[in-house]
Amino acid sequence: MATFNLTVNGQPRSVEAEPEMPLLWVLRDELGLVGTKYGCGIGACGACTVHLDGAAIRSCSLPVSQVGEQPVTTIEGLSADGDHPVQLAWLEHDVPQCGYCQAGQIMSAAALLDGIPNPDEAEISAGMSGNICRCGTYTRIHAAVKSAAEKLS
Amino acid sequence: MSHNQPSRRSFLKVTAATGGGLLLGFSWLTSCESEKAEKARPELVMPEKWVAVNAFLKIGDNGVVTIMSPNPEIGQNVKTAMPMLVAEELDVDWKNVIVEQAGLDTDNYERQLAGGSQSIRHGWEPLRKAGATARYMLLQAAAQQLDVDAGSLRTENGMIFHDGSDRKLGYGEVASLAATLPLPEEVTLKDPADFKIIGHATKNVDARKITTGQPLFGLDLQREGMKYAAIVHPPAFGLKLKSVDDSAVRGLPGIHDVVTIDAAPEGVEMQWSDVNAFPQLVAVIGDNTWRVLQAKKKLKIEWEQTSPLESTADQLENLRLTLQEGKAEEARRDGNPEAAFARAATIIDRTYSAPFLPHNTMEPMNFFADVWEDRAELVGPIQTPEFLRKTVSALLDMPEANIDIMMTRMGGGFGRRLYGNFGVEAALISKAAGVPVKLVYSREDDMTQGTYRPEYLVRYRAGLDEEGRLIAFHVRGTGAGESPVFANRYPAGTVENYLAENISTESNVSTGAWRAPRSNFIAGAEQAFLDEVAEAAGKDPIEFRLELFDRAIKDPVGEENDYDPERYAGVLKLVRDKSGWKTGEDQRGVAAYYCHNSYVAQVLEARLDAGEPRVNEVHCAVDCGIVVNPEGAHNQIEGGIIDGVGHALFGAVTFTDGKPDQQNFDTYRLIRHIEAPRAIHTHFVENNIDPTGLGEPSLPPVIGALANAIYRVTGERVYDQPFVQRRELRG
């Protein structure tokens, strides 16, 4: 066990954990931030996507000891009032069915648009293909990412 | 939940004070959800007090209305659609409605189950009546308060108007009085032409919580003093627990206990929902999910074999032998099929197969349980809460009345959460360890637990006469534990000489309902087969099907045909027209199917992408009667299509010596964004027929439409799912 001083959603957070504990479980079970989801534990489904220093990463596969001083942003901290353009586009297109994967989808989409402000169809498809939606809301996700891109540009 | 106690107390006090309220016994989650709504709906001003008019709704003193959604929400969007039915007849502005998930409450609600696409169909009348009854009582109360005849009053958007005197009252001003009035014996429901909420696109009521990461799902639940539990079940079907050495686990940091449980002891009454290949389990209990998932790997467990360790090749051979030689049940016979085949000019004979499929809900199985000496509380994602309570009651030897069950929003169901073994396990673990626990399956636990869609094999034969008319039809199907054949569905009723046979194949792999059970395989097989029959008959596949429906409309064969041929033909004509279908399409396939009381027809355009089939576009025509929520309805249809395409292309679990070869998403392929259809166009038939299922019906036919489109693109028919064979199957 060791002490880790993290910056999560702009707040300093201190946790006692094994160095190899994945960030996902630090967020969920130690810090009570349950918006980030567990789906596979091997970085294959994208449900646990968060931003590490602005980049989308799979928190299930990142040991807490590797976070260091890089700021962590989770779905709870993506915007103050749930009004990030990607979140608003998700509402506009009524994307969710079960909703479980959508936090990860939104975090991936936000990072994608941060890197490519005006993605074409192929860039959206490729950029969003690390996130599985078992309900099959892909066509709506696609439309929502396009809408968000238009609002951001 | 201590911070929610005051609101619960004030709510109960109000209920008691109003006397006539029927609403009793809500558990913690429902009682605090209205307050949580405050954060999600900042534009709403919360009332000072609530009055429960009946079990389905409570009215705030400022006119804000809370409507209970009685059925479990698995992503089929009933948490939006069911309250819409209440709100319509109550006549309130949807903007002033808060929706709460009801807990299991068999005194006040019927059929609190998510399955068979039946929630809206069964809720259609009772939910509208609940709204209409409340509206009636509010009108009576207003009549007393204004001292006028109730017949001189009208309602609009939560207000009651007396046009004669220009006076008006809000629902919140008369709710306390209304709740004390006697229930009417009968109420009149609206004419569909007057609907203001039903039929209007309405956003998912939980969308804001979902997009901001608020706790909603079973896996999100956290309680004071709660521990986490992980289980170990046998690694292969055919094995059971023999002994466990937990010495390497006890004493590890954060590990609280190790227990063994038996979820199916001798002599305890089980329910249909208690499908479970592995009732004896070892559970590790600790203070963090990751710690218990790591610790369980250190257990030393011995297994003993109780039945054969099947491999996929053995299973396929069993299916083949059963289909060829087994004694089948004759499910339906019309005319003389043997004689008709004997005189047929052409016989088409094809066999189709599909593998076992895990449900793979994105939220793995989990449940919270807090079991005491004389009472228990269970919270989690469950499609069948009533049956879970019966089993837990039997296993704990505790009256059902002492067991409180709350359903959380589910991260997918697809049938998996009809079978509540994980809830039962959580209760037994909590009892054994003496602490409140949240049981969490790892993805590997979830994917290898069984309760799979059965593997299936079906053989079709069709006989055509010299003119290409279908004169004989024979279907004989088998599968693990069940046959996939529906004897009385199309094309039964359209062919003079018809035979349907069912036979079950034994396997120790546990199986259960998977989105659109049996239909999820048989529709694709049947619709691909009819495509070949139409081709052999030299006819356009849509015209060929319509000719058969014509027969069923004018002069049906037999009396027990499970479909309305006019509505069936209607969706086929609609999709033909909307898609601009032309005879001789070279990239498009068609299919039509009826299940869960709804009719669906699809035209699908495919292409090849690096040798694998992909879908460009799907046109889908649907007749499900009245569409309650077009927004959610479109979403369900689109999701069913993508789900069907994905599983038909990629889905399979295979076995080596009883052990599932796929254990996580690195080896189990689910459809991804880049592989999804680029466009889906859904066209609903407009009519005033009572609404029917939407969560399942778009999935089954799309597998046939895809198979037929693949044939147009590649020139080769596909008979075995998944259509994109995995490398290990190709050898």
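Domain bounds here come from an automatic or database domain assignment. The model is predicted. In chain A, the assignment gives domain 1 (2-77) and domain 2 (85-152). The C-alpha centres of domain 1 of chain A and domain 2 of chain A lie 21 Å apart. Their contact takes 16 residues from domain 1 of chain A and 12 residues from domain 2 of chain A.

The boundary between domain 1 of chain A and domain 2 of chain A buries about 1100 Å². Carbon and sulfur atoms carry 59% of that area. The count of salt bridges between domain 1 of chain A and domain 2 of chain A is zero. Polar contacts are present, however: four residue pairs are found across this interface, with both residues at pLDDT 80 or more. On the side of domain 1 of chain A that touches domain 2 of chain A, β3 (49-52) and β4 (55-58) of chain A each supply at least two residues. The largest share of that side, three residues, comes from β3(A).

Chain B is divided into three parts by the assignment: domain 1 (2-212), domain 2 (223-306 + 365-440) and domain 3 (327-357 + 452-730). Domain 1 of chain B gives 22 residues to the contact with domain 2 of chain B, and domain 2 of chain B gives 21 residues. The area buried between domain 1 of chain B and domain 2 of chain B is about 1700 Å². Of this, carbon and sulfur atoms give 60%. One salt bridge is counted between domain 1 of chain B and domain 2 of chain B. A salt bridge also joins the side chains of B:D206 and B:R409, at 2.9 Å from N to O. Five residue pairs are in polar contact across the interface of domain 1 of chain B and domain 2 of chain B, both residues at pLDDT 80 or more. Helix α2 (residues 28-40) of chain B provides the largest share of the side of domain 1 of chain B that touches domain 2 of chain B, namely three residues.

The two chains also meet. In this contact, 56 residues of chain A face 61 residues of chain B. Chain A and chain B bury about 4800 Å² between them, with 56% of it on carbon and sulfur atoms. There are 29 residue pairs in polar contact between chain A and chain B, both residues at pLDDT 80 or more. Several elements of chain A each supply at least two residues of the side that touches chain B: β2 (11-17), α1 (23-30), α2 (85-92), α3 (102-115), α4 (121-127) and α5 (138-152). The largest share of that side, five residues, comes from α5(A).

Side chains of opposite charge can pair when their charged atoms come close. Over all chains, the whole structure holds 53 salt bridges. Across the interface of chain A and chain B, seven salt bridges are found. In one salt bridge, the side chains of B:D220 and A:K37 meet at 2.9 Å, N to O. B:D220 sits in the loop between α6 (207-212) and β8 (227-232) of chain B, and A:K37 in the loop between α1 and β3 of chain A.

Two open sheets in chain B were examined. One has five strands in the order β13-β21-β20-β19-β14 (chain B), with mixed pairing. β13 (329-334) and β14 (346-354) of chain B stand at the edges with a single partner strand each, so one side of each is left without a neighbour in the sheet. Neighbouring strands of this sheet are turned by 10 degrees against each other on average, direction ignored. β14(B) pairs with strand β19 (residues 456-464) of chain B in the antiparallel sense, over nine bridges. Within this pairing, B:I348 has B:A462 in β19(B) as its bridge partner. Helix α13 (residues 519-536) of chain B lies across β14, β19 and β20 (470-480) of chain B. This helix runs at about 25 degrees to β19(B).

The other open sheet has four strands, in the order β22-β23-β24-β27 (chain B), again with mixed pairing. Its edge strands are β22 (588-595) and β27 (679-684) of chain B, and each pairs on one side only. From one strand to the next, the twist averages 20 degrees. Strand β23 (residues 598-609) and strand β24 (residues 612-623) of chain B are antiparallel and share 11 bridges. B:E605 stands opposite B:E617 in β24(B).

Key: Residues numbered from 1 in each chain as written. Chains lettered and ligands numbered in written order. Predicted model: local features only at pLDDT ≥ 70, side-chain atom pairs only at ≥ 80, totals over all residues. Heavy atoms only, no water. Pairing = 2+ DSSP bridges. Axes fitted to C-alpha atoms, helices over the stretch in contact; angles between N-to-C directions. Contact = heavy atoms within 4.5 Å. Buried area = accessible area lost by both parts, 1.4 Å probe. Salt bridge = Lys/Arg side-chain N within 4 Å of Asp/Glu carboxyl O. Polar contact = N/O pair within 3.5 Å; in protein donor to acceptor, adjacent residues only side chain to side chain.
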